[in-house]
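Subject: Structure for your review

Dear colleague,

Please find the structure below, followed by an account of what was found in it. I would be grateful if you would read the two side by side.

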Amino acid sequence: MLAILAVTLPFFALVLCGYLAARARLLPLDAVPGLNIFVLYFGLPCMLFRFGSSTPPHRLFDPAVAALWLLCGAVVIAAAAWQARARGAGWPDAAMGALVAAFPNSGFMGVPLILALLGDAGAGPVMATLLVDLVVTTSVCIGLSQWGAATEHGPARAVRRALQGVLRNPMPWSILLGALFGVLGVGLWAPLGRTVALLGDAASPVALFTIGAVLARSQMRPTAAAGDSARLQDAPLLSALKLLLHPLLVWGLGCLMVGQGWMAPSMLVPLVMAAALPAASNVSLLAERFGADNGRIARVILWSTALAFFSFSGFVALMT
């Protein structure tokens, strides 16, 4: 366990550094969006491109992994949305609560952390789950958030907004472009390749630091709850769905699929680790964009990130 903590502690320590820097105003809150832009449009795409180009395509596009991840995500989404609707929440809050419970922080935290634990063998499964979450899980939840307005504007509008969100996200395109380069055996021009490498190397520390700064900003600039969502004090429940139910579902169904010979045993450990990650920090931005209570989502991200230091390390100890 001490060996595992020696690997995980620096990653969570970087999150804490970003949190403390923003809380102490060493990092101006107005600078946080700039950090997000660097990570989302420069650092992470370069890092994902590099891993996409060096990962065998059958690991990136494994149908068994996609099926496992979609089934487990569907259960978590259904549970989170059902409990929110039962408490009287509207569709935007139910959908964004479901997304924050089902979408792990694979991009900002998962890829570098799981690579540090498992080596390059962990890259393929984690990026496969990231593709599914960015393309399918996010689109479904954005569509659900617009469900209540579908009768007014038509379902086509909800579908169009969901697809626009996917097309504008550079992360899946970076993975796909890297995979294409890998299949074709094409390399970047040396100076350009070095530039990509430098940006990719900067992605992990800046992304982790940014997570902490975003969490601090969400506390220092609380947003008023919207409508019925003021009654939703469900951050502990959604955090439990993310940190406990999601990885347990992946572990249980994954063991069944491995036992039936439908999935390679080597895929199970990185998939469970990915599911045990805290909630993705970008869900807060989506909640604000699609009319949900951003303060509620930020609380879930904060809770899950703080508790994941213990729960994630525990899953790693059990799985390795």
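Ala98 is buried, its relative accessible area being 0% (buried means under 20% relative accessible area, exposed over 50%, and partly exposed in between, with a 1.4 Å probe and protein chains only). This is a predicted model, in which local features need pLDDT of at least 70 and side-chain atom pairs count only at pLDDT 80 or more, while totals for chains, interfaces and linings use all residues. Residues are numbered from 1 along each chain as its sequence is written, and side-chain values use heavy atoms, with hydrogens and water left out.

Ala98 belongs to helix α5, residues 91-102 (helices are DSSP runs of H or I, at least four residues, numbered from the N terminus). Leaving aside residues up to four places away in sequence, Ala98 touches Ile77, Ala80, Ala81 and Cys141 (contact means heavy atoms within 4.5 Å). Ten of the twelve residues of α5 are buried, so the helix is largely enclosed by the rest of the structure. Among them are Asp93, Met96, Leu99 and Val100. The buried residues of α5 pack against α4 (63-86), α7 (123-145), α12 (235-259), α14 (283-289) and α15 (294-319).

Regarding the cysteines, the count of disulfides is zero (a disulfide is a pair of cysteine sulfur atoms within 2.5 Å). For Cys141, the nearest cysteine sulfur is that of Cys72, 15 Å away. Cys141 is buried, with a relative accessible area of 0%.

The count of aromatic pairs is four (rings of Phe, Tyr and Trp, the last by its six-membered ring, pair if their centres lie within 6.5 Å; planes under 30 degrees apart count as stacked, over 60 as edge-to-face and the rest as tilted). Phe38 and Phe42 form a stacked pair, at 6.4 Å centre to centre and 15° between the planes. Both lie in helix α2 (residues 32-54), four residues apart, or about one turn of the helix. The ring centres of Phe49 and Phe181 are 5.2 Å apart and their planes stand at 75°, so this pair is edge-to-face. Phe49 lies in α2 and Phe181 in α10 (residues 170-184), so the pair ties together parts 132 residues apart in sequence.

As to confidence, the protein averages a pLDDT of 87, and 91% of the residues score at least 70 (pLDDT is the predictor's confidence in each residue, from 0 to 100). Over residues 224-230 the pLDDT is below 50. Where pLDDT is low, the predicted coordinates should not be read in detail.

Yours sincerely

How values were computed: Helix = DSSP H or I, 4+ residues; strand = E, 2+ residues; numbered from the N terminus.
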